[in-house]
Amino acid sequence: MAVTDQRQWSRTLLRFRDRTDHPDVHLENSKFTVDALERHKQEGLELAVRARIVAMLLIAVMLIFLVPWPDVAYYLVFVATFIIIGLAQRQVGRVGKSKAELALLFCDLLLMTIIAAFPNPLSASDVPLTFQYESEVFKYFFLLLAMATLAYSWRTIIAVGTWTTALWLSAAGVIWFFKDDHTAISDAVRAMFPGDAEYLWYAANPAHMKWDFRIQDVVAFFLCAIILAVSVRRSNNLLLAQASVERARANLARYFSPNVVDQLSTNDEPLKQVTEQEIAVLFVDIVGFTTFASERSPREVIQTLREFHGRMEREVFRQNGTLDKYLGDGLMATFGTPFAGDTDALDALRCSRAMTKAVDLWNKDRVAAGLEEIKASFGLHAGPVVLGDIGANRLEFAVIGNTVNVASRLEAKTRTLGTRIVASDDLIQRARGQTGNVDHVFDDMVRIDGQTIRGVEGEMSVWTMN
C-alpha cells in the first residue's frame, strides 16, 4: 500500500493523504477541499443571514419605541432592505470571487453610510448635515463587519474595511461641499436640546466638525477589519488542515476497517517501526479468470473485477480486516494489522464465509441477467509475520513472512481438493480458542490430514468447506 511520508500533526494520517488513484492531484484541487470550503461557505452564509434577520428585527423593535412616526418609516424601509440583501447574498454566495456577492456587500455599506451620514428626509426636524454626521451611528458599521466574518474570506473583510473608510470620508466631503452655517436652527431641533442653543449652533457649523473624532472612527474600524481578517485567514487555514485530515482518513478507509482508521488517527506513526506479530491472512481468487477474460472485452472484464473486488472489500472491512492489496483478479487481506486483536483468526474465518455468501448472491444476479457465474476460492492461515514500511520516497506497508506464502498456497490448494475454502489447522484452532468453540462459523468445515504444502516441512492438516 503506497503512502506519502508527511511530517505534520497526526503524521500517520497525513502520510496517507496522497494515496489516491491520481497521485498528481493536489489537496487544493481535491474533492475534499472543495467540499469543505463550499460547506463552510454555505454554513457561514446561512448563519450570517440568520444573524442579520435577528439583528434587524431587534433594531426595528427598538426604532419603533425610540423614533416617532413618520420618521421611523424611513428607517424601517432600510431595515427591510438589509434583510432582502442578506437573503440575496445567500442565493448568490459561492466559493471564489463573485461579482454579484461583492456588489451586494457594497450595497450594505452604501446604505449604512446613507443612514448614518445623512438626515432622514421624512423628519420635520430639519437636522443639519453636520449634526447628523457627528451623531453616534458609526458603530452600526461594526455590526456589518461582524456578520461579514461569518461568510467571507479575509480579503473581503479587508475590502469591507477599505470601502467603509472610503464611503465615510466621501460622505464627509459631500457634507462639506453642501455646508451652510445653519445660524437659524429650526424649532424642532431646538426642542430636542432645550436651553442649549449655543451648542446647537456650534455642532451644526461645518467649521466646528470634530474631524479628529471622525478619523478615529474610521481608523479604529479599519484596524478592527485587519485584525478580523487575520482571524478569518487563520480559521480558513484550520479548515484546510481539517480537510487534509478528512481526506487522509478517507484514503485510510480504503485499506483499513473503520475501527483501525480510528486507532491510526490517534497515534503518531504506528506503522513506522518494524514489528513482528501474530496475524491471520486471507487470499481470495477468481477460479478460471484467465479463460474468462480471454473471451470478453476489456471493458466487461474491468467491470466484473470492480464488482467482485467491491463485494470482497466490503466483507473484509465488516470483519475488522485490512485490505492489503489487490492481486489482479484476487486480493490479500490481513486480520490483526496494524494492531493485533482478540479475534483475528475468527474474523478471518467469518470473512471467508461471508465472502462465499456474497459471491452466491452476486451469481444469482448474474444468472438473472444472463451472465456466467463467477467461482471464487479462499485460502487462510495464521502465524507470525513481519510488519513495517519498505521503500524510500514511495513507502509501502508490507506484511512479510512464511505465513503469507502458506495462505496463498492454501488458496491454490482449493483446485486440487475441489473446495471453495481451505484453512490451515493453525487458524482453525486459534479461531476455536477465540470463540469458545461455540460458533456456527465452524459448521460444514471438514478436516483433511496429511496435506503437503510447498514451503511447509512435513504434512499439515487443513479444513475445507464447499
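Q: Is Q319 buried or exposed in this predicted model?
A: The cut-off for buried is under 20% relative accessible area. Q319 has a relative accessible area of 17%, so Q319 counts as buried.

Q: Where is Q319 found, and which residues does Q319 touch?
A: Q319 is in the loop between α13 and β3 (322–327). Leaving out residues up to four places away in sequence, the contacts of Q319 are F335, D347, R350 and C351.

Q: How many aromatic pairs does a search of the whole structure find?
A: Rings of Phe, Tyr and Trp pair if their centres lie within 6.5 Å. Searching the whole structure on that basis gives 6 aromatic pairs.

Q: Why is the pair of F142 and F221 edge-to-face?
A: A pair of aromatic rings is described by the distance of the centres and the angle of the planes. Planes over 60 degrees apart count as edge-to-face. The F142 and F221 centres are 5.0 Å apart and the planes stand at 70°, so the pair is edge-to-face.

Q: What parts does the pair of F142 and F221 tie together?
A: F142 belongs to helix α6 (residues 140–148). F221 belongs to helix α10 (residues 211–253). The pair therefore ties together parts 79 residues apart in sequence, in α6 and α10.

Q: Is the pair of F308 and W362 stacked, edge-to-face or tilted?
A: Stacked needs planes under 30 degrees apart, and edge-to-face needs over 60. The F308 and W362 centres are 6.1 Å apart, with planes at 35°. The pair is therefore tilted.

Q: How many residues apart in sequence are the parts that F308 and W362 tie together?
A: F308 lies in helix α13 (residues 298–318). W362 lies in helix α14 (residues 344–368). F308 is buried at 0% relative accessible area, and W362 is buried at 3%. The parts they tie together are 54 residues apart.

Q: What span does helix α3 reach from its first C-alpha to its last?
A: Helix α3 covers residues 71–92, which is 22 residues. At 1.5 Å a residue, 32 Å is expected. The span is close to that, at 33 Å.

Q: Which residues do ring pairs link into a cluster?
A: Buried residues in α3 include Y74, Y75 and F78. Ring pairs link these into a cluster: Y74, Y75 and F78.

Q: Which rings does R432 lie over?
A: The charged end of R432 is 4.5 Å from the centre of one ring, that of F442. R432 also lies over the face of another ring, 5.2 Å from its centre, that of W463. The rings belong to F442 and W463.

Terms used:
Residues are numbered from 1 along each chain as its sequence is written. This is a predicted model: local features need pLDDT of at least 70, side-chain atom pairs count only at pLDDT 80 or more; totals for chains, interfaces and linings use all residues. Side-chain values use heavy atoms; hydrogens and water are left out. Helices (H or I, at least four residues) and strands (E, at least two) are DSSP runs, numbered from the N terminus. Buried means under 20% relative accessible area, exposed over 50%, partly exposed in between (1.4 Å probe, protein chains only). A charge sits over a ring if NZ of Lys or CZ of Arg is within 6 Å of the ring centre and within 35 degrees of the ring normal. The expected span of a helix is 1.5 Å times one less than its number of residues. Contact means heavy atoms within 4.5 Å.
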